[in-house]
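Please look through the following structure with care, and then read the short report on how some of its parts meet.

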Amino acid sequence: MPEWVTPLVAPFILLNAVIGLVTYVTLLERKFAARMQSRIGPYRVGPHGLLQPIADAIKLMMKEDVVPTAADRPVYNLAPVVFLIPCMLIFATIPFAPGLGVADLNIGVLFFLAVSAMEIVGLFMAGWGSNNKYALLSAMRAVNQVISYDLPFIFAALTPVLLAGSLRMSDIAAAQQGLWFIFYPVIGQLAFIAFIVATVASENRAPFDILEAESELVAGFRVEYSGMKFAIIQLGEYAHVIGASFLGALLFLGAWAGPGPEWAGPIWFLIKAMLVFLLITWVRWSFVRIRVDQILALSWKALMPATLVLLIATAVVVVWRGHAGV
Amino acid sequence: MTTANAGRVELDYAGSERLTMNMGPQHPSAHGVFRAILTLEGETVVGIDAVIGYLHRCHEKLAETLTYAQYPSIASKTDYVAAMTSEFAYVRAAETIGTIEVPKRAEYLRVIAAELQRVASHLLWLGTWCLDMGGALGGGATIFLYCIRERELILDLFESLVGARLLYGFYQVGGVRYDLPAGWADQCRTTVDLIEQRIGEYERMLEDNPFFMVRTQGVGVISRELAQELGIGGPLLRGSGVHHDLRRADGYSSYRDFEFAVPVETSGDCFARYRVRMVEFRQALRIVRQALDRLPDGPISSRPGLKSVAQVRIPKGEAYARIEGARGEVGCYLISDGSAKPYRMKWRGASFSNLAVLPHIIPGHKVADVVAIMGSVDPVFGEVDR
Amino acid sequence: MTGEQARAAIAERYPAATVDASALERRSLGEGGPVTVTVPVDSWVEFAHFAKTTLGCRFFSFLSAVDWKDEGLEVVVKVDNVDTGLSLLMKTRLGPGVSACPSLTMLYRGADWMERECYDMFGIRFDGHPDLRRILLGDDWVGHPLLKSYAVDTPHPPYR
């Protein structure tokens with residue numbers, strides 16, 4: 001196989017794997033939520049509802065694509081794609097096993113955080129282009145919230161970076177072969193909690209889903225979307241959450257570290273990422289939504305200073321110990 | 001339903017741009033069909049015009065065309081979430097004019113049905129209110145489904161008692177229509193115990209949750225004066241520090257026979273209304289237990305079986321009967337001209353008076369608070385629009 | 001203040017008012033029922049003010065009207081004193097063919113929606129109401145349904 005084929009084939013495989021994963025993660029979440037709410041969840045399509053995601057996808061593809069007359073058409077049509085691209089791009093730097101990834105950049109974490117914040121452009125375009133008041137309010141909230149929570153998100157994610165002494169994802173994973181960073185005394189646990197809170201907020205998941213806020217804003221920025229465009233937005237949102245779950249598993253839970261042969265590494269990684277995802281889901285299905293001013297206050301008054309102090313404390317610890325790593 | 005020449009209650013706000021946003025009539029948290037025309041200044045609501053009437057069926061005109069035997073089952077369609085209450089008010093008004101005696105057993109059965117209905121109604125309120133705050137795709141849905149699960153148990157009880165699950169026709173002038181089926185009392189006791197235990201779980205689930213607390217405390221404060229002037233009732237009134245419960249004040253039906261506490265909170269915010277209702281759950285269950293224990297034997301109606309719907313006649317006169325419904329004072333002002341149909345009937349819908357509070361308390365709050373406040377008011381639009 | 005005290009106070013202050021007009025009324029409203037007072041329409045607001053301040057009836061229960069056909073419309077208001085349990089049913093006859101009544105919105109904020117509903121259903125114009133428009137029916141509705149002259153099957157476009 002020629003050298004130049006790999007950069008073409010690898011992203012293709014990854015992209016499809018991510019889409020497949022997203023499809024089935026929705027089923028996982030629905031089953032999980034159903035159990036929490038003493039329901040059964042999807043059960044009719046296929047054995048135990050296993051074909052439900054496929055049925056949903058087909059249904060969404062076949063729906064009529066309705067564009068509001070008053071919409072800003074180019075912006076409205078482009079928004080789902082603009083939203084989807086960063087959500088998919090974040091998977092580029094994640095190594096799923098030693099050497100198994102699309103691009104193991106030396107600034108992997110930085111790339112992830114930077115690209116992840118780009119989703120706001122798509123959100124805002126969707127909210128603005130729909131020319132709908134609910135969507136507009138939602139877009140305003142989106143800007144507020146994403147800006148507020150990206151800083152704590154970055155600070156929390158940088159703590160393991162400091163501990164590992166590298167921005168390269170594979171280095172961070174390798175540094176945890178001995179001790180996972182979540183078990184690092186005090187700092188590890190605090191950083192993990194801050195990371196989860198910031199992730200929930202910057203992924204717009206309940207209880208921070210004020211963008212969607214279907215009891216006030218009906219569905220927020222995506223209220224006017226239907227059919228495939230809606231599916232793309234949904235896909236992007238879930239992909240983003242899963243990407244963040246992988247990042248969480250990589251930064252704190254030792255990525256592919258686990259018992260068993262080496263080929264089991266990616267499986268361990270997937271299991272850990274799903275655990276992080278279920279943690280986020282658990283939060284989602286047990287809390288009521290918080291108000292927009294309270295959400296901002298929580299970020300700027302509590303989470304931001306706390307993560308900043310944590311970051312500085314980590315730096316001090318690392319300097320004091322004289323070397324990075326555990 | 002009128003929107004022209006809208007006289008909005010607006011705050012003096014020194015902002016720049018205003019946005020008018022329609023909330024409803026089709027909206028996930030409209031609790032039926034309610035339209036709030038909000039004037040927004042960013043996220044802050046500075047003006048609101050409430051538009052109602054989408055569910056208006058003119059029950060008051062309808063009542064003039066139906067006999068005293070026919071209307072009670074229609075009355076349940078005003079407040080369809082607590083259908084027993086409206087029937088109760090209507091038959092009590094008719095009984096007051098005709099000075100019709102009601103057997104003791106019937107009075108006890110009426111109280112049991114009314115209190116179970118209060119629990120069912122409050123369960124639906126708790127579920128939908130949390131759904132308003134937590135969203136159908138978040139924590140709100142979880143508690144909503146839990147509450148619906150418990151409400152089903154009460155509807156099952158009603159089904160085996162009356163044969164219907166939503167609109168009952170259980171009350172009739174002079175008594176009640178059905179006696180308890182075999183085994184019903186035991187089933188009811190089991191249900192009551194189960195619900196009481198579950199309510200404790202919800203209480204912990206909500207009150208240990210800081211997000212729930214920040215969303216409800218200090219939000220939508222109704223002052224004591226405003227509450228009285230508007231004539232709002234039930235948990236809203238008691239949440240605003242007014243000690244007024246018609247079951248205690250009037251002691252109608254057989255409520256004087258039972259022990260129960262009347263919860264009062266003074267802060268007047270959403271959380272106070274929540275607290276009042278949570279205590280009312282337990283008190284209602286307590287009354288049901290007492291009534292089941294002391295249920296006397298005897299007839300369930302003081303009137304013989306009806307041969308025609310026009311058979312129930314009451315003398316000339318007028319009466320105002322009021323019931324402490326799940327949402328407050330449900331009143332029926334009835335004027336009889338001696339025929340088989342009322343000359344005039346006025347429904348005092350509790351939700352109508354309660355909803356009138358919205359223009360007074362919403363301006364100044366955020367958009368998200370609008371749904372939280374509206375949910376805490378617990379309007380049922382069948383009763384608002386009648 | 002009990003019902004008897006209230007009756008005495010009203011009789012002293014407003015000799016023109018009729019308290020518990022008939023024996024029938026007194027009987028049917030019951031002993032614990034409201035004190036019924038019929039006042040002339042001129043002293044309607046003044047009497048409401050008296051009820052609110054002197055009798056302490058600050059709880060606005062409801063406002064409605066009754067169409068007595070040839071004898072004209074009658075406006076009915078019920079106010080309560082929730083502390084003492086006193087209920088007061090205030091009535092005023094507008095007279096045949098008259099459909100104007102002073103508004104109570106200055107005294108009771110709860111009268112706002114109630115008077116709008118009453119206007120909607122009976123066509124009574126409440127003078128002094130800040131925002132008198134239909135509340136339950138649509139703007140374009142013709143007629144006032146609760147009047148006795150309005151037949152139940154009155155056709156209304158576009159429905160019939």
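## Where chain B meets chain C

In this predicted model, 39 residues of chain B are in contact with 36 residues of chain C. On the chain B side, the elements that each give two or more residues are the helices H1 (59–64), H3 (83–98), H8 (224–230) and H12 (350–355), together with the strands E7 (317–325), E8 (328–336) and E9 (342–348). Sorted by class, this side of chain B holds 15 nonpolar, 13 polar and eleven charged residues.

## A covered helix in chain C

Helix H4 of chain C, which runs through residues 111–122, spans 15 Å from its first C-alpha to its last, and this is close to the 16 Å expected at 1.5 Å a residue. Twelve of the twelve residues of H4(C) are buried, among them Trp113(C), Arg116(C) and Phe122(C).

The cover over these buried residues includes H12 of chain B, as well as strands E3 (59–67), E4 (73–81) and E7 (125–127) of chain C. Just after H4(C) comes Gly123(C), which takes a positive phi of about 75°.

## Two domains within chain B

The domain assignment divides chain B into domain 1 (2–51) and domain 2 (59–385), and the centres of these two domains, taken over C-alpha atoms, are separated by 29 Å. Between them, 20 residues of domain 1 of chain B are in contact with 19 residues of domain 2 of chain B.

On the domain 1 side, strands E1 (9–10), E3 (35–41) and E4 (44–51) of chain B each give two or more residues, and E4(B) gives the most, with six. By class, this side of domain 1 has 13 nonpolar, five polar and two charged residues.

Methods: Residues numbered from 1 in each chain as written. Chains lettered and ligands numbered in written order. Predicted model: local features only at pLDDT ≥ 70, side-chain atom pairs only at ≥ 80, totals over all residues. Domains from an automatic or database assignment. Contact = placed C-beta atoms within 7 Å. Helix = DSSP H or I, 4+ residues; strand = E, 2+ residues; numbered from the N terminus. Nonpolar A, V, L, I, M, F, W, Y, C, P; charged D, E, K, R; others polar. Expected span 1.5 Å × (residues − 1). Buried ≥ 20, exposed ≤ 12 C-beta atoms within 10 Å, placed from the backbone.
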